[in-house]
Amino acid sequence: MPRLRGDERVGGRGGCGPPRQRAVARATCRAGMVTGPLRTRRTSHTASSRTTTEMLRPNTFALTALLALMTALGPLAMDLYLPSFPEIGRTLAASPSQVQLTISFYMLGFAVGQLFFGPISDRFGRKPVLSFSLVVFCLGTLACAVAPSITALIAARVLQGAGAAGVIVLARTVVRDLYDGARAAREMALMGAIMGIAPILAPVVGGVLEEWLGWRAGFVLILVAGLAAMVVVRRLLPETVPPARDDAKLLQGSLESFGIVMRNKAFLAYLGIVTASFSGLFAYISGSPFVMQSVYGLSPTGFGLFYGVTSLGFISGALTAAHVVMRIGFDRTIGIGAVGVLVGGIGTLAAVGFAPTSMEALAAALAVFLFGFGLAMPQAQAGTLQPFPDRAGAASSLVGCVQQTVGAAVGAVVGLALNTTAWPMVIAIALTGVITFAIWITTRQVRASAHRR
């Protein structure tokens, strides 16, 4: 069988640049991979071992699904325990704002973790760094499951978030290693659609676990998922870049990469869209457990169903993006999404203002917001990585760090402002919708100039 070629990486115009093409080929050859029709096979170079481990090949749905399931660990760790917020507060003697900090500090750990895992994966390869991040994630999850106090739970969430960061940032980076342009954006959208199953199912499952087994059972389930991911990554995920040889200059190289990335105006434009839209999502995640259970009177299971129904908007948006992005381009797809988050955000204000007791009106507005988010977010993420084929890890790390840090701050503000109404949550969602649309409108020339180069 022929060896895996560098041109397995598919670009928006059917090809890829020679430097990255050679890099992927070198990484594959160093790993001892041999390709077949559907999968890549890792063969042993020693006579004593005849066992082989099949690796998923690029440009297959199987690899897309694997990367999506890896990234779903983050939403799973975020959404599964949301129905348990009131019960966590009661059992650990914590206020609503203290319980909300378990989300904000998770996101801070996530932000810091991305700065660490992305650049070192550029040096040491994606797969070993991803495996290490899964170990960190599992240790943090175990600590969450046995936390005796709210302080211990917050600290454990930082560790859990740092591990989840490596998983998500490296999944996105692998996409950039293999694909270009609209093809990369389509891959991100497909991953987002598959990943979107987690926000739908996780709160429902979490609500049932909460009512039957207590809030700690949710973290046990997350731990099982993390351990399973470790096995799957080891057996099926191929390496996509070769390790760099000059490890002594890791810090210097990371700082140089960050500087180059941050000076790119198109990167900053797409980063603004990613961060603003994500902050709206995080305002919803932070505020909805208390709003829907304390203001609207839903049970933990009822809240899980409400959250899952609204999350269908995200999946619909991501699937729509995957269907249209190859025809209309990812920048125009982002524009349609920006309109969606604007209309949905303003719609949440209208729902609370004119129909304050109607969960249906609020759910409809949130679904529109999340539909726009599903259209815009994966494409904007692809846009941030597009200029940096050789610094994808550093670029992805910066995107994650900024969006998670700002999102954590927005979530903390929403948590502190929560009262007996939904206003703090919907005001934040509406503002982020307006900001997302404004950034898309005002940076069109910058983004277009970057595409013409």
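Trainee: In which helix is the place of Gly 280?

Mentor: Gly 280 belongs to helix H12. Helices here are DSSP runs of H or I with at least four residues, numbered from the N terminus. The model is a predicted one, in which local features need pLDDT of at least 70 and side-chain atom pairs count only at pLDDT 80 or more, while totals for chains, interfaces and linings use all residues. Residues are numbered from 1 along each chain as its sequence is written, and side-chain values use heavy atoms, with hydrogens and water left out.

Trainee: Does Gly 280 count as buried or exposed?

Mentor: Buried means under 20% relative accessible area, exposed over 50%, and partly exposed in between, with a 1.4 Å probe and protein chains only. Gly 280 has 0% relative accessibility and therefore counts as buried. Leaving aside neighbours within four places in sequence, Gly 280 is in contact (heavy atoms within 4.5 Å) with Phe 369, Ile 429 and Thr 432. Its C-alpha atom is separated by 8.3 Å from that of Gly 345, 65 residues apart along the chain.

Trainee: How many residues of H12 are buried?

Mentor: Of the 31 residues of H12, 27 are buried, so this helix is largely enclosed by the rest of the structure.

Trainee: What span should H12 have, and how far apart are its end C-alpha atoms?

Mentor: The expected span of a helix is 1.5 Å times one less than its number of residues. H12 covers residues 265–295 and should span 45 Å; its end C-alpha atoms are 43 Å apart, which agrees. For helix H13 (residues 300–328), with 29 residues, the reach from first C-alpha to last is 41 Å, close to the 42 Å expected.

Trainee: Where do kinks lie in H12 and H13?

Mentor: The bend at a residue is the angle between axes fitted to the seven residues ending there and the seven starting there. In H12 a kink of about 50° lies at Gly 287, shortly before the proline Pro 289. In H13 a kink of about 35° is centred on Ala 322.

Trainee: How many aromatic pairs does the structure hold?

Mentor: A pair of aromatic rings is described by the distance of the centres and the angle of the planes. Rings of Phe, Tyr and Trp (its six-membered ring) pair if their centres lie within 6.5 Å; planes under 30 degrees apart count as stacked, over 60 as edge-to-face and the rest as tilted. The structure holds 10 such pairs. In one of them, Tyr 81 and Phe 219 have ring centres 5.5 Å apart and planes at 55°, so the pair is tilted. This pair links distant parts of the chain, 138 residues apart: Tyr 81 in the loop between helix H3 (73–79) and helix H4 (85–91), and Phe 219 in helix H10 (residues 216–236). Tyr 81 counts as buried at 1% relative accessibility, as does Phe 219 at 0%.

Trainee: Which pair involves Tyr 284?

Mentor: The rings of Tyr 284 and Tyr 307 have centres 5.3 Å apart and planes at 15°, so they are stacked. Tyr 284 is in helix H12 and Tyr 307 in helix H13.

Notes. Helices (H or I, at least four residues) and strands (E, at least two) are DSSP runs, numbered from the N terminus.
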